[in-house]
Amino acid sequence: MPPAVDGGPSFDELKGKLDPIVARYPVRAGAMLPVLWVVQKARGWLSPRSIKEVAVYLEVPQAHVEGVVTFYTMFKPDPVGRHVVMVCKTLSCRLRGAQEVIDALKSKYDIDLGDTTADGKLTIESAECLGLCDMAPCMLVGEQRFGDLTPQSAVSALEGLR
């Protein structure tokens, strides 16, 4: 896994995107989810520094921001690959072969769930529900949906990623 780099744009640079978001909320803390989303998208993950900066910016305790980041699986408190692959593991997907899809991806990329490939390209995770039950088994890569997967089609879908 590549070393964790706490980089990306400075928080001052991000304020141009964040200020209009916060302005839509009657209480600054109400904007926490979209603010965290913007910061994570810009920096790749939510480092301890990013969490502290968000807390100061939204005028809330740092522990509150940490609680939100660790509660929601969409927020990444640790470095992740350029592409985060989430494979649904709920009942409808499991009944249609999700475990075989997960096993094929783990084998192909020689990593366990939650790990990142050595080149920093992929992080493979399981998800409780992606809301794509009609496409079971399914996976989400960034914002792109893949469904009716087989182990082979899941591996093929990831081979084109850069």
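Author: Let's start with Tyr-72, which is partly exposed because its relative accessible area is 31% (buried means under 20%, exposed over 50%, and partly exposed in between, using a 1.4 Å probe and protein chains only). By the way, this is a predicted model, so local features need pLDDT of at least 70 and side-chain atom pairs count only at pLDDT 80 or more, while totals for chains, interfaces and linings use all residues. Residues are numbered from 1 along each chain as its sequence is written, and side-chain values use heavy atoms, with hydrogens and water left out.

Now for the rings. A search of the whole structure turns up 4 aromatic pairs (rings of Phe, Tyr and Trp, the last by its six-membered ring, pair if their centres lie within 6.5 Å; planes under 30 degrees apart are stacked, over 60 edge-to-face, and the rest tilted). Take Trp-37 and Phe-75: their ring centres are 6.1 Å apart and their planes sit at 65°, so this pair is edge-to-face. The two are 38 residues apart and tie together distant parts of the chain, with Trp-37 in helix H2 (residues 32-43) and Phe-75 in the loop between H4 and strand S1 (83-88). (Helices, H or I with at least four residues, and strands, E with at least two, are DSSP runs numbered from the N terminus.) Trp-37 counts as partly exposed because its relative accessibility is 39%, whereas Phe-75, at 2%, counts as buried. Phe-75 also pairs with Tyr-72: the centres are 6.2 Å apart and the planes are at 90°, so that pair is edge-to-face too.

Next, have a look at helix H4 itself. H4 (residues 62-71) packs against helix H3 (residues 48-58) at an angle of about 120°, with the axes 8 Å apart (axes are lines fitted to C-alpha atoms, for helices over the stretch in contact, and angles run from 0 to 180 degrees between N-to-C directions). That makes H3 oblique to H4 (under 35 degrees is roughly parallel, over 145 roughly antiparallel, 65 to 115 roughly perpendicular, and the rest oblique). Ile-51, Lys-52, Val-54 and Ala-55 of H3 make the contact with Gln-62, Val-65, Glu-66 and Val-69 of H4 (contact means heavy atoms within 4.5 Å).
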